[in-house]
Amino acid sequence: MVFVLVISICFAAEEYSRGDFPEGFVFGAGTSAYQVEGAADEDGRSPSVWDTYAHQGYAGGATGDVAVDQYHKYEEDVRLMAGMGLDSYRFSISWSRLIPGEGGRGAVNPKGVQYYNNLINELISHEDEYGGWVSRKMVGDFRDYAEVCFREFGDRVGHWTTVNEANIFASGSYDQGMTPPHRCSPPFGITSCAQGNSSTEPYLVLHHILLAHGSIVQLYRHHYQGKQRGVIGMTLYAFGFVPYTNSTADVAAVKRAKEFFLGWAANPLVYGDYPEVMKRNVGSRLPSFTSEESKLVKGSFDFLGLIHYMQMPVRDNPSSLNLELRDLNADVGAQMMVDQESFSVGFPVTPGAMGDILQDFKTLYGNPPLYIHENGQLERRNATLKDTGRVEYLRLYIGAVLDSIRNGCNVKGYFMWSLLDVFELLGGFQTGFGLYYVDLDDPNLTRYPKLSAHWYSRFLKGATVGSADDVSNGAFELAAGNFSHLITTRSPHRRSTSG
């Protein structure tokens, strides 16, 4: 058996500038509310599931109580964005801040919303009340929340995303128990969960998300879009699946993995139903759409968002289909060859995987308008301000997007993750993706630009970038070197309101 080398041969534009992208192409960066805001108990905000689980030690004691305090420092951060040359800033509206639970002390202050595109992407589930997304009641509640957002902010928001990485949320939180609300059942899950059913809940949760999304888009189109002139969509997570070997079985396993993890949501959105292979393998555990529900979900987007970070080798595993008790991963009949080290030290640089995903959207899903909503390289948070690895990652992946556009893929924008080193949902303050380092030892939480911030800004302002670029030239050395002492003398901290 011949093994396939999992380092992609890079087909990415070698040298390019912003002018090579189509007119109107949007470049930006992103964060999300819990990860960046802080001010956890101010202005009537009530606790979210992330507050609950962070305080139970989810991220080794780190919490978003203070995070990087963008709630108070938003004006400074907007100046950073403007100075860098960003077109747009992608962030979320916290449900628990906008519509607090009982005991709220004040009205929401939507600071900063009017300056940049604003996307709903934080799912605050009503877990204690009725089970959150496991219950169909969530469809109506989420629709009501969205309407408040449209009514209050729709005159200033041009792009709305209803749900962020809906597919990976359903599987990660309700099958593997990896993230809140930590639901799973033995023998599945990477943690011990107090409740849940890994065999049924992921499918039920995504079904309810799709129905909620369709209902929200219907509401927006009928009552708000005509006068507000915005667009609306959903964001999906996409691994770059590749066969573990060149065997026919592994190649077929990749196709199934794509259907289960991406087609699971994309197929209903584009065609109104789940992929046939899911119907066969999952059987009665997979919810079905009524005729009216299918019409509601089909075509319920003006664009689709895409989150992509890494390539994932897939190996055929047909024996899992013989198990009497199965979860989503077993239903695929394949094994994902996860490199756990990648989640702590940096993702393999495989820009060809980005190109493959964009080509799949073109050939399998009718080439819809796409925005890359998250893409970036993680590093240990206090590694260095001279993040040459992140610069190379961004250069190659943005180049892969440009090549895909030249090949006819309908990509409209690119948002790198993240603007700042934030409270990472899988790493707390141990890892970071930011263009800016935030000194957690400094009471002012001072922001410092990394090499990647200077590189991205230079590109956004028209410079040609490429393999001939010397990212270690004098200007970049100066930019990254001025604050090197901050990195070498600091260690990760657990920011909280208690200090």
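In this predicted model, helix α6 (residues 137-153) and helix α8 (residues 201-223) approach until their axes come within 9 Å, crossing at roughly 35°. The crossing of α6 past α8 is right-handed. Elsewhere in the model, seven strands with parallel pairing make up an open sheet, and helix α16 (residues 388-406) packs on that sheet.

**The contact between α6 and α8**

- From α6, the residues that make the contact are V139, F142, R143, A146, E147 and F150, while α8 contributes H208, L211, A212, S215, I216, L219 and Y220.
- Sorted by class, the contact of α6 with α8 comprises nine nonpolar residues, together with two polar and two charged ones.

**The parallel sheet**

- The strands of the open sheet follow the order β3-β2-β12-β10-β7-β5-β4, and their pairing is parallel.
- Because β3 (88-90) and β4 (159-161) stand at the edges and each has a single partner strand, one side of each is left without a neighbour in the sheet.
- From one strand to the next, the twist averages 30°.

**The pairing of β4 with β5**

- Edge strand β4 is joined by three bridges to strand β5 (residues 231-237), and the two run parallel.
- Within this pair of strands, T161 stands opposite G233 in β5.

**The helix packed on the sheet**

- Helix α16 touches β2 (26-30), β10 (370-374) and β12 (411-417) where it packs on the sheet.
- The direction of α16 makes about 170° with that of β12.

Definitions and conventions
Residues numbered from 1 in each chain as written. Predicted model: local features only at pLDDT ≥ 70, side-chain atom pairs only at ≥ 80, totals over all residues. Heavy atoms only, no water. Pairing = 2+ DSSP bridges. Helix = DSSP H or I, 4+ residues; strand = E, 2+ residues; numbered from the N terminus. Axes fitted to C-alpha atoms, helices over the stretch in contact; angles between N-to-C directions. Contact = heavy atoms within 4.5 Å. Left-handed = near helix turned anticlockwise from the far one by under 90°. Nonpolar A, V, L, I, M, F, W, Y, C, P; charged D, E, K, R; others polar.
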